[in-house]
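Hi,

Here's the structure I promised to pass on. Have a look at it first, and then read on for what turned up.

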Amino acid sequence: MLALLGFLLGLAVGSFLNVVIYRLPRGQSVVRPPSHCPACGARLGPSELVPVVSYLVQGGRCRHCGARISPRYPLVELLTGGLFAAAALLRPVLWPDLVFLWAFLALLVALAFIDADTYLLPDSLTYGGLALGLAAGALGMHGGLVPALRDALLAAGLMVLVGGYGNLVLRRLRDGRPSWPVGFHQVYLAALAGALLGPLGGIALGLLNWALNWATRRGWNLPEPVSLLLLPLAAVLHPAGPLAAGEGALVAAGALALLGGLYWAFLPEPEEDDDEPVALGFGDVKLAGMLGAWASFPAFLVGLFVAVLAGAVLGLLFRRRKLPFGPYLALGGAVAVFFGDAIWRAYLASLGW
Ligand SMILES: [Zn+2]
C-alpha cells in the first residue's frame, strides 16, 4: 500500500519537478504562471497535466499546436515514482523517515537534471537539502543532529580538498587567484589548522582570516601550495594519529567551504577566470555537504565511489570532455542513503575486520 502511495505521489511530484528543472535555472517562478506549452504558450488544462497518462494519450504532442513534447517529461515522472516506491519498500516508516527521504529524492532528481542541462547546481536546492537533512537529524534520523552536521562537514571537506589537490596539479603547483574576503585560501588554511588544532581550532582560524580580510579591506592569503602541501605532513606527524588529524582537517575545511559558499550565494558570483582549469565545481562541494547530512560518512564514501565509477564509465562511453558530476553524485547519494552502510559493512567484513 505504502509503495503504491509512494509511486502515485512520486508521479505527481515528478510532474512538479519537470517545472522546477525547466524554470529554476531560468530564474522563473516555479508556481506562476500555471503550466503552459513552451512552444505555443497555450495554458494546459487538468486533462493535460495527468503525469505520464497525458503524454501517452496525446501521442507525445501538444494538443494545441502539435509541437513534440520531450519524452524526458514522462521519464522524470516515472523515475520519481519509481524512486518514491522503492524508498517506501526500503524504509516503510512514514514519519519522519519516508516523508523526509521522499523530499531528499525529489531534490536529487531536480539537481541531477538541472546540472545535466546547465552545469549548475542551484544553491537553493543544495543548501535547502542540507538544511532538510539537518532537520531530519534533529528528528532522530542519522543518529541525531550533531552526527548529521559532522558528516555533512566531513563530506564537503573531503570534496573541497579533493578539488583543491586536483586544481593544484592542473595549475602545476601555482597559487590560485584569491577571492576576497573569503575563498579557497581560507578553506585550505582552515584544513591545515584543523589538522593541527582540531576541527574547532581550524574553523576559528579560517573565520579569523575571513574577518581580518574584511576588517583591513585587504587580502591575507596563505598560498594554496603551502597549506595544501603542509597538510599531509601535519596529518602524518600529528601525535593523535593521521585519522584524528584528517578528521579535524575535513570538518574545518567543510565548515569554511559551506559558510563561504553561503556568503557568496547572496552576492553576485566572483568573476570566473576562464583560463584557470578547474578540477571540480564548487556546486559539487555543496552537493557533497547535502549528501553528508543524509548519509553517514562511510556511506557517503561508498556513494562517492559509485559516482566516480559511473562518471568514468559513462564519460568513456560518450567521450565528452566536460561532464557534469552532479548527476553521478546524485545517483551515488541515493545509493549511499539506502545501501551505503550495508555495503561498507560488507566491505569491512571482506577485509576480515
Ligand atoms: Zn503547444
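How are the donor residues of the zinc ion spaced in sequence? The pattern is C-x2-C-x21-C-x2-C. Keep in mind that this is a predicted model.

The residues holding the zinc ion are C37, C40, C62 and C65, each through its SG atom, at 2.3 to 2.4 Å. The arrangement is tetrahedral because the angles subtended by the four donor atoms run from 103 to 118°. C37 sits in the loop between α1 and α2, while C65 sits in the loop between α2 and α3, so this pair ties together parts that are 28 residues apart in sequence. C37 is buried, at 7% relative accessible area, whereas C65 is partly exposed, at 37%.

Now for the salt bridges: there are five of them. One joins the side chains of R72 and D117, at 2.9 Å from N to O. R72 is partly exposed at 28%, and D117 is partly exposed at 41%.

D123 pairs up with K286, with their closest N and O atoms 2.6 Å apart. K286 counts as buried, since its relative accessibility is 9%.

E224 and R171 form a salt bridge too, again with 2.6 Å between the closest N and O atoms, and both residues are buried. Lastly, R150, D151 and E247 are linked in a network of salt bridges.

Cheers

Technical notes
Residues are numbered from 1 along each chain as its sequence is written. This is a predicted model: local features need pLDDT of at least 70, side-chain atom pairs count only at pLDDT 80 or more; totals for chains, interfaces and linings use all residues. Side-chain values use heavy atoms; hydrogens and water are left out. Donors are N, O and S atoms within 2.8 Å of the metal (3.2 Å for Na, K and Ca); water is not among the atoms, so sites may look incomplete. Four donors count as tetrahedral if all angles lie between 85 and 135 degrees; four count as square planar and six as octahedral if opposite donors are over 155 degrees apart and all others between 65 and 115; anything else is irregular. Helices (H or I, at least four residues) and strands (E, at least two) are DSSP runs, numbered from the N terminus. Buried means under 20% relative accessible area, exposed over 50%, partly exposed in between (1.4 Å probe, protein chains only). A salt bridge is a side-chain nitrogen of Lys or Arg within 4 Å of a carboxyl oxygen of Asp or Glu.
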